[in-house]
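Biologist: I would like to learn how to read side-chain features in a model like this one. Could you take me through it step by step?

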Amino acid sequence: MSTSVTEVLQNAPERNVPHGGGNRATETFFYDNKIVRNFGIATVFWGVAGMMIGVLIAFQLANPAVNMGTEYTTFGRVRPLHTNAVIFAFVGNAIFMGVYYSLQRLCKARMFSDKLSKIHFWGWQLVILAAVITLPLGFTTTKEYAELEWPIDIAITLTWVVFGWNMFGTIAKRRERHLYVAIWFYIATFLTVAVLHIVNSYELPVSFMKSYSGYAGVQDALVQWWYGHNAVAFFLTTPFLGLMYYFLPKAANRPVYSYRLSIIHFWSLIFIYIWAGPHHLLYTALPDWAQSLGTAFSVMLLAPSWGGMINGLLTLRGAWDKVREEPILKFMVVAITAYGMATFEGPLLSLKNVNAIGHFTDWIVAHVHVGALGWNGFLTFAMLYWLFPRLYNTNLFSKKLANAHFWLGTLGILFYAIPLYWAGFTQGLMWKQFNAEGMLQYPNFLETVLQIIPMYYMRALGGMLYLSGVFLMVYNLYKTAKSGALLSNEAAIAPPIAKIEEAGNRHWHSWIEKRPTQMAIWATVAILIGGLVEFIPTFVIKSNVPTIASVKPYTSLELQGRDVYIKEGCVSCHTQMVRPFRSETERYGEYSKAGEFVYDHPFLWGSKRTGPDLHRIGSKYPDSWHYHHMLDPSSMSPGSIMPPYPWLFEKDIDLSTTEPKLKVMQKLGVPYDDAYVARANEELLKQARQITAELNKEGLEVKPEREIVALIAYLQRLGTDIKVKEEQQR
């Protein structure tokens, strides 16, 4: 480590000093590297934790014994823990690490407040810790990527505000007047994530860790996938594009390929992305106009996405010899390529004829993980390898280990994705196959599951390869840090903004690049238009969600059973949405109607069929079938990969929550009368005794207060509110 000059500058107060022999005064100031280091360590820690959980659930799908027989380790409980850990813990900390490092240097200013930086760091870690505790305990809203309950949602909001305060405060005191393209993406990310989180998290609390979504059925589905798709867009994509625009030129020592392309990339991406959410709901009960709108904008999204990929790859023009030698650039090239592949596949899957085959299959899981493992994972690894030597004022411990990590990670992605693509194609085609007599070729859903179990083992192997590379990185970064010393306060010199003369660039876009307020306003306008166009008709025009007179609210027992279903994460493997295809109506029954879900807070349509659709399961089997199926799934479905749920037969329904739940539902517009609410538990036990009486006839003894009874009541209710043809109930 160098000596006196650095040490003097680190400890010197900010002051005006002559520079370069000219008359322009400059200031010496200090970048805060400690906060960058902290987020870097958190990135590595949560990355390892989240990926280990990912490998665990991969093996759980291949072998149900890996669920370990406890209620806290089942796939349904652990799967949302994995998604939250890798998205918000691993990727989230990586975003903050990269933003805190690059923003200071792009603004030529220390972060606005060291105290806010610390509050942000520890607030985010506490949010993640809360997720680690609550999700395995079954506290979940069950909404994809937004499973955390309302107190944690509030904590997320406050922490995000602290981040924004610190970021905009830094921009306000910047010494560099021009806002570089990376900052555009940071601003759009902050504003859009705030809007998404607040709108989607509208819920009414029942108790400390229980709430119901403020939206129901079709409207809830639209809001959720507007949020879900744009969580991918504005948490997993736009901040990483900003980081790409900073770290790629730095690592390659070359300027960004095209300034004009970056302008087109930014504005078209944030405007178009926000419209695309409905492509997750094709062939569902969502109105056709909304589905078509989502498809149209998804196809258009290909252009700006590939514009960004091209801008990134062409930045490396003339530097390909360096790419062969530098593992950091190798990670970046594969990351940008994976981004291009994922953003090609997204529009492809939004085409209705492709979606008809791919949706609800493992194809979607493969698609998501190409983006997550390739784009987010590899770019994060590149940033870590680039940052740690600079933070610790030393050299990377081992390029050989970094290269080994690169190849293990690349093989891991291939071994992960290719088997899942194969599994997805197999599922989609087997589900739709008819024989020469016009009957379903594979009427038993389990036949498709058994066919793809080998692919699940291969996927798990891919996850292990990817994780083994991460362990190499942990060792490499640890040794790098040990060989140097943290440069907590890095000295820099720049003229104050008042002394900076107007640049000669008179490009039409330059006026907004110097005005963060205008940039923020126009970015907010761009992302609000799409959401408003989709929401207003769906919420205001009643014909978009036609009601059905025979559809009634759930009984108090059924509502409690629905909450057991939510707690156990059943929505992770089962859908409740029969699409209007002959292959589905033959297998499950009448296709699902929008009016059937008007009392569903939240909606439970699901996004993946590891098991069969359940929307028409009601009255299909006797109560005893569900009893045995939950106690030992293989006794009813030999070869099933579903874990058993013995605790449901031992745990009682919390009857103290019944009345509060119904009262909240009343506030949400569900037509329970006050008299029914007052006698809710009386009605609950009455219906429960009817079920236990039926079970007793078959020699099955169970108390009416048990959770299994409530779950059976809910399952037997599903899809029975509308008349279904007798032959379709078989």
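This is a predicted model: local features need pLDDT of at least 70, side-chain atom pairs count only at pLDDT 80 or more; totals for chains, interfaces and linings use all residues.

Biologist: Which residue lies over the face of Phe-581?

Modeller: That is Lys-432, at 3.8 Å from the ring centre of Phe-581.

Biologist: Where in the chain do Phe-331 and Phe-378 lie?

Modeller: Phe-331 lies in helix H13, residues 327-350, and Phe-378 lies in helix H15, residues 362-391. The pair therefore ties together parts that are 47 residues apart in sequence.

Biologist: Are Phe-331 and Phe-378 buried or exposed?

Modeller: Both Phe-331 and Phe-378 are buried. For another edge-to-face example, look at Phe-406 and Trp-407, with 4.9 Å from centre to centre and 75 degrees between the planes. Phe-406 has a relative accessible area of 6%, so this residue is buried.

Biologist: Which residues form one aromatic cluster?

Modeller: One such cluster includes Phe-39, Phe-88, Tyr-100, Trp-122, Trp-160 and Phe-235.

Biologist: Let's turn to the cysteines. How many disulfides does the count come to?

Modeller: The count comes to zero disulfides. The test is whether two cysteine sulfur atoms lie within 2.5 Å. For Cys-573, the closest cysteine sulfur is in Cys-570, 8.3 Å away, which is too far for a bond.

Biologist: Is Cys-573 buried or exposed?

Modeller: Cys-573 is buried, with a relative accessible area of 17%. The cut-off for buried is under 20%. Cys-107 counts as buried too, because its relative accessibility is 0%.

Biologist: Finally, the surface. Which residues form a nonpolar patch there?

Modeller: Tyr-72, Leu-126, Leu-129, Val-132, Ile-133, Leu-137 and Phe-139 do, with about 600 Å² of accessible area together. Leu-129, one of these residues, lies in helix H4, residues 114-134. With a relative accessible area of 41%, Leu-129 is partly exposed.

Conventions
Residues are numbered from 1 along each chain as its sequence is written. Side-chain values use heavy atoms; hydrogens and water are left out. Patches are made of residues with over 30% relative accessible area and no salt bridge: like charges are joined within 9 Å, nonpolar side chains (Val, Leu, Ile, Met, Phe, Trp, Tyr) within 5 Å. Accessible areas come from the Shrake-Rupley method with a 1.4 Å probe; for residues, only the protein chains shown count as cover. A salt bridge is a side-chain nitrogen of Lys or Arg within 4 Å of a carboxyl oxygen of Asp or Glu. Helices (H or I, at least four residues) and strands (E, at least two) are DSSP runs, numbered from the N terminus. Buried means under 20% relative accessible area, exposed over 50%, partly exposed in between (1.4 Å probe, protein chains only). Rings of Phe, Tyr and Trp (its six-membered ring) pair if their centres lie within 6.5 Å; planes under 30 degrees apart count as stacked, over 60 as edge-to-face and the rest as tilted. A charge sits over a ring if NZ of Lys or CZ of Arg is within 6 Å of the ring centre and within 35 degrees of the ring normal.
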